[in-house]
Amino acid sequence: MAQRLEVTERARIAILISGRGSNMVALAEAVRAGRVPNAEISVVISDQKNALGLARARAHGLETMVIERSGLTREEHDRTIVSALRSHRIDLVCLAGYMRILSREFIDAYPDRILNIHPSLLPAFPGLDAQRQALEARAKVTGCTVHFVNETLDGGRILRQSEDVDIQADDTVETLSDRILIEEHKLYPEVVSLVLENLKSSSTVG
Ligand code: GRF
């Protein structure tokens, strides 16, 4: 059971990225605009030193850290990240294009406090290339999902989905990904806001 946050506390969010970081930017902009009330992005952590998102995070005035995997086991790498999260007194961890499955130890360190966004209507099309999978399966509709993270790839409890993306006959992976991304950028801040509200009260999100 997740420990509750004090209502007056400003929630401290960490965002983990591996790539371009557009969802990270969407979250940062939502926090700045007050659409995620009483919260701050305390740190953006990348496991890739060349991640495009790092420069974008700095351009938004966010603290960044690079914690590379090289030479470390998954457990060692995660332990380093968890220790950075602890030193930043993080309340909520948002994975945003973070390309690694988390270890048990990481998940246990933040029970019900790690979220991920995925570009499909889970449980359909987990894993890599979700948009290509949807096209190849000739799905008619797709969207995105925000879910809690567990040790299964894209397998944790689903919080919210956006089912607003119709697949067109002439869609390519790129055109479809672009339309899903628009929905991702709306959905993720909404769910973060709900989860934080939930942590400050006793009701449940879902
Ligand atoms: C998004 O499609 C997200 O759903 C998936 O990885 C992609 C990351 O994109 N998990 P970005 O780095 O947020 O632009």
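User: Which residues lie nearest the centre of the largest pocket?

Analyst: Rolling a probe the size of a water molecule over the atoms shows where empty space is left. On a 1 Å grid over the protein atoms alone, a pocket is an open set of points where a 1.4 Å probe fits, with protein on both sides within 12 Å along at least five of seven lines. Lining residues have an atom within 4 Å of a point. Here, 35 residues line the largest pocket, and Gly97, Met99, Ile117, His118 and Pro119 lie nearest its centre. This is a predicted model, where local features need pLDDT of at least 70, side-chain atom pairs count only at pLDDT 80 or more, and totals for chains, interfaces and linings use all residues. Residues are numbered from 1 along each chain as its sequence is written, and side-chain values use heavy atoms, leaving out hydrogens and water.

User: What volume does the largest pocket have, and which element supplies the largest share of its lining?

Analyst: The volume is about 840 Å³, counted as the space filled by probe spheres set on grid points joined across faces, edges and corners. Helix H6 gives the largest share of the lining, five residues. Helix H1 (22-32), E5, helix H5 (130-136) and H6 each supply at least two. Helices (H or I, at least four residues) and strands (E, at least two) are DSSP runs, numbered from the N terminus.

User: In what order do the strands form the sheet?

Analyst: Strands pair if DSSP finds at least two bridges between them. Seven strands make an open sheet, in the order E3-E2-E1-E4-E5-E6-E7, with mixed pairing. At the edges are E3 (64-66) and E7 (158-166), each pairing on one side only. From one strand to the next, the twist averages 20 degrees. For a parallel pair, look at E4 (residues 92-95) and E5 (residues 114-118), joined by three bridges. Val93 stands opposite Ile114 of E5.

User: Which strands does helix H6 touch?

Analyst: Contact means heavy atoms within 4.5 Å. Axes are lines fitted to C-alpha atoms, for helices over the stretch in contact, and angles run from 0 to 180 degrees between N-to-C directions. H6 (residues 173-199) packs on the sheet and touches E1, E2, E4, E5, E6 (141-148) and E7. Its direction makes about 155 degrees with that of E7. Helix H2 (residues 52-59) lies across E1 (11-17), E2 (39-46) and E3.

User: Why is H1 largely enclosed?

Analyst: Buried means under 20% relative accessible area, exposed over 50%, and partly exposed in between (1.4 Å probe, protein chains only). Nine of the 11 residues of H1 are buried, so the rest of the structure largely encloses this helix. Among them are Met24, Leu27 and Val31. The buried residues of H1 pack against E1, E2, H2, E4, E5 and H6.

User: How many disulfides are found?

Analyst: A disulfide is a covalent bond between the sulfur atoms of two cysteines. The cut-off for a pair of sulfur atoms is within 2.5 Å. A search of the whole structure finds zero. The sulfur of Cys94 is 14 Å from its closest cysteine sulfur, in Cys144, which is too far for a bond. Cys94 is buried at 0% relative accessibility, and Cys144 is buried at 0% too.

User: Where is there a cis peptide bond, and which residues other than glycine have a positive phi?

Analyst: Most residues other than glycine have a negative phi, and most peptide bonds are trans. Here a cis bond joins Leu122 and Pro123, with omega about 10 degrees. Pro123 sits in the loop between E5 and H5. Phe125 is in the loop between E5 and H5, with a phi near 60 degrees. Arg138, in the loop between H5 and E6, has a phi near 55 degrees. Phe125 is buried at 18% relative accessibility, whereas Arg138 is exposed at 71%.
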